[in-house]
Amino acid sequence: MTRRDFHRLGSLALGGLIKLAVAVPAVAFLLSPLRKRGGGGSEGAGTEADSLANIASLSQLKVGEPRSFPIVRDQVDAWVRYPREPVGSVWLVRQPDGVEPPVIAYSAECPHLGCAINLAPGGAGFHCPCHNSSFDREGKPLNKIPPRPMDTLDVELTKDDDPRVLVRFERFQALAEEKIPLA
Amino acid sequence: MLNYIADWFDDRTGFRSWLRPFAEKPLPGGARWRYVFGSVLASVFLIQAFSGLMMMTAYSPSSSTAWGSVFYIEKQMWMGWFIRGLHHFGAQTVMILLLLHFLQVLFAAAYRAPREVNWWLGLALMAIVLAFSHTGYQLPWDQKGYWATKVVTNIMGGAPVLGPYIKTAVVGGAEYGNQTVTRFYGLHVGILPVLMFVCLAAHVALCRRHGLKPPEGLAAKASHETYWPDQAFLSLIATTAVVGVMVAMILYEGGAPLDAPADPSSSDYPARPEWFFRFLYQMLKHFPGKYEWVGSIAIPGAIFLTMAALPLLDKVVSSRVLHFFACALIFGLAGGAGYLTLESFLEDHGKPEFHAARVKADAERDRALALASHPDYGVPPEGSGFLMRLDPLTRGRGVLEAKCLGCHRMNGEGADEQTAPDLKDFGSRAWIRGLLENPGSDAYYGKTPECDGMVDWKKSSHLDARQLDEVADFLATFAKIPAEMNVDEWLNQPGVADHPGAAAFEKECGMCHIIDGYTDGGLREAPGLFAWGSPQWIARMIRRPDAEDRYGYLAEKQRMPAFAAESLTDNDLKMIVRFLADDYLPPTESSKPTLAAP
């Protein structure tokens, strides 16, 4: 190896070393949101993942008539902690007496691309105004636009005389044919 | 394959012919260590630009979000501490390298023809780097950045005639706030980088045109060594060493420092500039306020202009003599600056007040970081300025110290003469039990004028220790009575009227203390005890000590002064109440409360 070759190789090696020392932390920095943290939530908009939101009382709901309720809970947005902030909404449909479960909760987030689902005109079912996804009252797709039925959420009722409806609010991956919860 | 792509690009762009002349130009006297400074400086500049760009993806410029986002970068994001550390220590490295580069160019007299314009560009770059340093220092909007900015902009404002206008324009108004952050941010990441790029590009282009200036006597010697790869190798060894030191500093310090969020109301923050500005800071102390601008603007400005004029003076004065004087001037200044820097650090070192203020500031920093990173607290939506203002341990203790401990005591500590009880654990069972045991002690009403009722009661009371325990148990439940509950509702709750301590309370305490619908009082006057120790009881005591159910029966000058909303905000009142009730995130070892010595 000549002296010049040594200089050439040495320059490339040292230059590469310096670039790596800066680039590797930079990649990690930019990919921070992908890092899972202890509680299971992602680093970005963390929320109380497993908590049940107390949304309404059963008597507020009429059988077969969908009604929209906001989900209000503490929200962590990067460095800021917002107490009691609306983070989304759900459609609650009360089932006839004796049917299990007594209340079905649908996420109002469209499984297509995440727009907010509204009632269809005339109240025959659900409709998403962004790309015209249509669903019937049971949340089943009425056209080919949505990849899957509307996402149902876990519901629990309290033991009160007029039970409170508790919903476990979750988000799912858009466009997937299966319900894949977002961490 | 790679060659093929490179050939294709060269064919279309000619990039090789653009790089070649410089890379393959023979170096006068061969590759030398003395030529590395400019290259190392340029490399660290690139690191600064890159790490800065990274942080721009996470930083949020406003007075309410800046601190929180920097905290997030430093403490929460993956390798954020390293990226910010690179930028922090890179900035200091630039300062050192810049000085070395400047001295080297000056000693080589490289300001002489034909390099005059490059000398001026270098000086302009120096000014731009100083501006970078000042604008960047402020961006975290922590105590350090806030007070340093205040000082620097006030120095600007002290300049004759135009000073105040320049200052207002830079700060974005009379007050330091959102506009200050956005303006400094715009300067730091937009305007200054563009200026820097233009000047640096011209600087490098001219350097390529003139070549590196060889030391005297070497010019004649021919050499086969060229910039690439011979000089590049030396430059990269030097760069690796410098970056290695930076990385070692980052690892040693664990990132870059972040003080508590900016608090314009703090009165004892020991603001000091970064070490490389210490000599200026120290020099200012030697100028009377009115002539501050002489030290801060006129002298540095004159030195700068002298340097800028060197290439021109070179034409009229003997070159050798001028060079000697220029070097002597800079040596003299460096010696003076070194002396001032040393003097400044020694002065601080010998001052206990400085150490005390620094310890307090460090404790506040630790507290702020603990609050911000705690999952149940975090930065409040109102902004990082409220992080501490909504912390009972910081704010409540601070207000209590300032407004209450002139007469009251807190765990025996306080200022002036004690004329009121000790508030440690006020509202708790321990406090009330202590009172029932020995009302005449200093911690209770021993030093409180006109409040001898409890002492008189104690003389005549026959309650034994067990009964006193029960009364204390009963009274301790009062603090939990909700604000919206009245006496009847309270009495109808299970466990109230039939509490073991209730009978003795009714019989003995009720002789004087009135609770409407429960006890009648009458023996002598005393404050009402319904919901005693609860937030609403304490709030009313602070706002309306003259009320009938508090100490309205005392003469005004014997009473505790009332603190209306004008002298004590609702938030401060809430903070005092929560501080007394120990309702806050418990302090870690390093942020333990320390009451200021009286």
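Predicted model: local features only at pLDDT ≥ 70, side-chain atom pairs only at ≥ 80, totals over all residues.
The size of an interface is often given as the accessible area lost when the parts come together. For chain B and chain A, the buried area is about 3100 Å², and carbon and sulfur atoms account for 71% of this value. Tyr72(B), Trp78(B) and Phe233(B) contribute 23% of the area that chain B buries against chain A, which is more than any other three residues supply. In terms of contacts, 41 residues of chain B meet 31 residues of chain A.

Polar contact across the interface of chain B and chain A comprises 10 residue pairs, with both residues of each pair at pLDDT 80 or more. On the chain B side, helix H3 (36–56), helix H4 (66–76), helix H5 (80–107) and helix H10 (227–253) each provide at least two of the residues that touch chain A. The largest share, 10 residues, belongs to H10(B). Sorted by class, this side of chain B consists of 26 nonpolar, 12 polar and 3 charged residues.

Side chains of opposite charge can pair when their charged atoms come close. Between chain B and chain A, 2 salt bridges are counted. In one salt bridge, the side chains of Arg3(A) and Glu225(B) meet with an N to O distance of 3.5 Å. Over all chains, the count of salt bridges is 39. The pair that crosses between chains runs from Arg3(A), in helix H1 (residues 3–30) of chain A, to Glu225(B), in the loop between helix H9 (178–210) and H10 of chain B. Arg3(A) has a relative accessible area of 58% and is therefore classed as exposed. Glu225(B), by contrast, has a relative accessible area of 17% and is classed as buried.

Within chain B, Arg84(B) and Glu74(B) form a salt bridge in which the closest N and O atoms are 2.5 Å apart. Because Arg84(B) belongs to helix H5 and Glu74(B) to helix H4 of chain B, this pair ties together parts that are 10 residues apart in sequence. Both Arg84(B) and Glu74(B) are buried. A further salt bridge joins Arg540(B) to Asp549(B), with 3.1 Å between the closest N and O atoms. Arg540(B) is partly exposed, at 33% relative accessibility, and Asp549(B) is likewise partly exposed, at 30%.

Chain A contains an open sheet of 3 strands in the order E6-E7-E8, with antiparallel pairing. Strand E6 (118–119) and strand E8 (134–136) of chain A form the edges, each pairing on one side only. Strand E7 (residues 125–127) of chain A is joined to E8(A) by 3 bridges, and the two run antiparallel. Within this pairing, His127(A) has Ser134(A) in E8(A) as its bridge partner.

Ser296(B) is located in helix H12 (residues 292–316) of chain B. The relative accessible area of Ser296(B) is 15%, so this residue falls under the 20% limit for a buried position. When residues up to four places away in sequence are not counted, Ser296(B) touches Ile155(B) and Leu284(B).

Methods
Residues numbered from 1 in each chain as written. Chains lettered and ligands numbered in written order. Heavy atoms only, no water. Contact = heavy atoms within 4.5 Å. Buried area = accessible area lost by both parts, 1.4 Å probe. Salt bridge = Lys/Arg side-chain N within 4 Å of Asp/Glu carboxyl O. Polar contact = N/O pair within 3.5 Å; in protein donor to acceptor, adjacent residues only side chain to side chain. Helix = DSSP H or I, 4+ residues; strand = E, 2+ residues; numbered from the N terminus. Nonpolar A, V, L, I, M, F, W, Y, C, P; charged D, E, K, R; others polar. Buried < 20%, exposed > 50% of the residue type's maximum accessible area, 1.4 Å probe, protein only. Pairing = 2+ DSSP bridges.
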